[in-house]
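Please examine the structure shown below before reading the notes that follow.

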Amino acid sequence: MTARYIAIDWGSTNLRAWLYQGEQCLESRQSEAGVTRLNGKSPEAVLAEVTDAWRDGATPVVMAGMIGSNVGWKIAPYLPVPASFSAISEHVTSVGDNIWIIPGLSVSREDNHNVMRGEETQLLGARTLSPSAVYVMPGTHCKWVQTDAEQIHDFRTVMTGELHHLLLRHSLVGAGLPDQVPSPEAFTAGLERGLTSPDVLPKLFEVRASHVLGSLPREQVSEFLSGLLIGAEVASMGDFIPGEQAITLVAGSSLTARYQQAFHAVGREVATVAGDTAFQAGIRSIAHAVAN
């Protein structure tokens, strides 16, 4: 496809938009008008502002993320897995002339109830850039996804990032701490503890006790806690990756480095794809599919 089209990642707190001509990005824009920050404006009005001078009625717009949730523009129904990768572009939801929202994915079984919205687009891109059997997608809510070349089979969610934030900002673990500083040593110490003892609940208060008693510097609590939680996550999700299946991390550079260290510590090599690169590759593939 050589025509112009617009790709949008519209989350809860931010919006990012790209104007493409085929595979070439002509321009990008950002806005803080996430779906929870519309300030009384309609999604249509925000879209018009963000894409000003980019489009006429014939320019396709493909959107992913929380814009398709029950707090967004219109609910783009979850696509149940197992699902083929091609089914994602086949089940987009129209919200206007040449404007579509990408569906999320869901699992609903007795042993697993899960949803994702936004990561499915990253998966499409990552599948092309780094074919793997398992994708680990760190973030506020880390997704662990089982796939093959054609299908998404299953996924789980681990709230590692959110738990770290809540414990540090809204619990006794982080109460009264000074500004935190980077510390690879503290992160490694926490990681080793989490990998060795993934039953993390009894360990959480020990984080506070450690800095109260002086064995953990108070400005390094965030790093130790990050290591502890990531180590526990990787250790507890080991059964999700049977055998020697290929693993790809899809994340930003900081989280990629932390999860790489965790996987290396348990003897697993992982490929990596930048989250933004995966997202843009994925949404381009969907735009091509729905506009042709």
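Helices (H or I, at least four residues) and strands (E, at least two) are DSSP runs, numbered from the N terminus. The model is predicted, so local features need pLDDT of at least 70 and side-chain atom pairs count only at pLDDT 80 or more, while totals for chains, interfaces and linings use all residues. Residues are numbered from 1 along each chain as its sequence is written, and side-chain values use heavy atoms, with hydrogens and water left out.

- Two packed helices are described by the angle between their axes and the distance between the axes.
- Axes are lines fitted to C-alpha atoms, for helices over the stretch in contact, and angles run from 0 to 180 degrees between N-to-C directions.
- Helix 6 (residues 201–212) packs against helix 7 (residues 221–236) at an angle of about 155°, and their axes are 11 Å apart.
- Helix 6 is therefore roughly antiparallel to helix 7; angles under 35 degrees count as roughly parallel, over 145 as roughly antiparallel, 65 to 115 as roughly perpendicular and the rest as oblique.
- Helix 6 and helix 7 cross in the right-handed sense; a crossing is right-handed if the near helix is turned clockwise from the far one by less than a right angle, and left-handed if anticlockwise.
- Helix 6 contributes Lys203, Leu204, Val207 and His211 to the contact, and helix 7 contributes Val221, Phe224, Leu225, Leu228 and Leu229, where contact means heavy atoms within 4.5 Å.
- By class, this contact of helix 6 with helix 7 comprises seven nonpolar residues, one polar and one charged; Ala, Val, Leu, Ile, Met, Phe, Trp, Tyr, Cys and Pro count as nonpolar, Asp, Glu, Lys and Arg as charged, and the others, Gly among them, as polar.

**Leu228 within helix 7**

- Leu228 lies in helix 7.
- With a relative accessibility of 1%, Leu228 counts as buried; the term means under 20% relative accessible area, with exposed over 50% and partly exposed in between (1.4 Å probe, protein chains only).
- Apart from its neighbours within four places in sequence, Leu228 is in contact with Gly190, Leu191, Arg193, Gly194, Val200, Lys203, Leu204 and Val207.
- Leu228 and Ile241 are 13 residues apart along the chain, and their C-alpha atoms are separated by 20 Å.

**Packing of helix 7 and helix 8**

- The axes of helix 7 and helix 8 (residues 253–265) come within 10 Å and cross at roughly 55°.
- These two helices, helix 7 and helix 8, are therefore oblique to each other.
- The contact involves Glu223, Ser226, Ile230, Glu233 and Val234 of helix 7, together with Arg258, Tyr259, Ala262 and Phe263 of helix 8.
- In the contact of helix 7 with helix 8, five residues are nonpolar, one is polar and three are charged.
- The crossing of helix 7 and helix 8 is right-handed.

**Strand pairing**

- Two strands pair if DSSP finds at least two bridges between them.
- Strand 11 (residues 134–137) and strand 12 run antiparallel and are joined by four bridges; Tyr135 has Val145 of strand 12 as its bridge partner.
- A hairpin is formed by strand 11 and strand 12, with four residues between them.
- Strand 11 also runs parallel to strand 14 (residues 247–251), to which three bridges join it; Val136 stands opposite Leu249 in strand 14.
- In a regular strand the side chains alternate between the two faces of the sheet.
- In strand 11, Val134 and Val136 point one way and Tyr135 and Met137 the other way, and all are buried.
- Strand 12 (residues 142–147) pairs with strand 13 in the antiparallel sense over six bridges, and a hairpin of three residues joins strand 12 to strand 13.
- Strand 6 (residues 83–84) pairs with strand 13 (residues 151–158) in the antiparallel sense over two bridges; the bridge partner of Ser84 in strand 13 is Gln151.

**Backbone exceptions**

- Most residues other than glycine have a negative phi, and most peptide bonds are trans.
- Asn98, in the loop between strand 7 (93–96) and strand 8 (99–101), has a positive phi of about 60° although it is not a glycine.
- Asn98 is partly exposed, with a relative accessible area of 29%.
- Asn39 has a positive phi near 50° and is found in the loop between strand 3 (24–31) and helix 1 (43–50).
- Asn39 counts as exposed, at 74% relative accessibility.
- The peptide bond from Val81 to Pro82 is cis, with omega near 5°, and Pro82 is found in the loop between strand 5 (79–80) and strand 6.
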